[in-house]
Amino acid sequence: MTAAPDYVGFGRWLRLQRELRALSIDDVTSKTKIPPTLVDALEEGQAERLPERVFVLNYIRSYASAVGLSPDEAVNRFQEIPEAPKAESFDPAALEKDRQERATSTLWL
């Protein structure tokens with residue numbers, strides 16, 4: 001029986017793919033414009049350091065493209081993680097309202 005996928009295993013897979021292609025973290029960050037701290041969080045499987053799901057999926061797609069992987073395969077592997085946030089109903093209006101509320105509250109601070 002194999003263990004369920006997890007963030008650490010996914011991160012190891014990303015790092016292995018990058019290293020097999022003899023790419024450094026700097027190579028990935030320069031190709032993707034993903035901050036090195038987030039590349040490190042992805043490769044270390046540190047979910048608590050990652051931003052919201054929509055950003056993570058875009059980072060994974062960019063990372064995969066930069067190292068020569070299929071972006072869809074990489075996202076699918078990520079979504080196999082049981083505790084990974086799943087796509088819920090996508091309501092752009094609700095997302096925009098939430099964004100505006102956060103922006104307004106930030107201005108008041």
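Reader: Which residues have the most contacts inside the largest nonpolar core?

Author: In this predicted model, the largest nonpolar core has 24 residues. Nonpolar side chains tend to be buried together in soluble globular proteins. Those with the most contacts inside this core are F10, I60 and F78.

Reader: Which helix gives the most to this core?

Author: At least two residues of the core come from each of α1 (7-20), α3 (36-44), α4 (53-67) and α5 (71-79). With six residues, the helix that gives the most is α4.

Reader: Is E43 buried or exposed, and what is its relative accessible area?

Author: E43 is found in helix α3. Leaving out residues up to four places away in sequence, E43 touches G11, R12, R15, R18, I25 and Y63. The cut-off for buried is under 20% relative accessible area. E43 therefore counts as buried, its value being 1%.

Reader: Which residue meets the side chain of E43 in a salt bridge?

Author: The partner lies in helix α1, 25 residues apart from E43 in helix α3, and the pair links distant parts of the chain. The N to O distance in the salt bridge is 2.6 Å, and the residue is R18.

Reader: How many residues apart in sequence are the parts that E44 and R15 tie together?

Author: The side chains of E44 and R15 meet in a salt bridge of 2.7 Å, N to O. E44 is partly exposed at 34% relative accessible area, and R15 is also partly exposed, at 21%. Because E44 lies in helix α3 and R15 in helix α1, the pair ties together parts whose separation in sequence is 29 residues.

Reader: How far apart are the closest N and O atoms of D40 and R49?

Author: D40 counts as partly exposed at 26% relative accessibility, and R49 as partly exposed at 34%. Side chains of opposite charge can pair when their charged atoms come close. D40 forms a salt bridge with R49, and the closest N and O atoms are apart by 3.4 Å.

Reader: Which residues do salt bridges with shared partners join into one network?

Author: The count of salt bridges comes to six. Among them are E44 with R15 and E43 with R18. The network formed through shared partners consists of R15, R18, E43 and E44.

Notes
Residues numbered from 1 in each chain as written. Predicted model: local features only at pLDDT ≥ 70, side-chain atom pairs only at ≥ 80, totals over all residues. Heavy atoms only, no water. Core = buried A, V, L, I, M, F, W, Y, C linked by side-chain atoms within 4.5 Å. Buried < 20%, exposed > 50% of the residue type's maximum accessible area, 1.4 Å probe, protein only. Helix = DSSP H or I, 4+ residues; strand = E, 2+ residues; numbered from the N terminus. Contact = heavy atoms within 4.5 Å. Salt bridge = Lys/Arg side-chain N within 4 Å of Asp/Glu carboxyl O.
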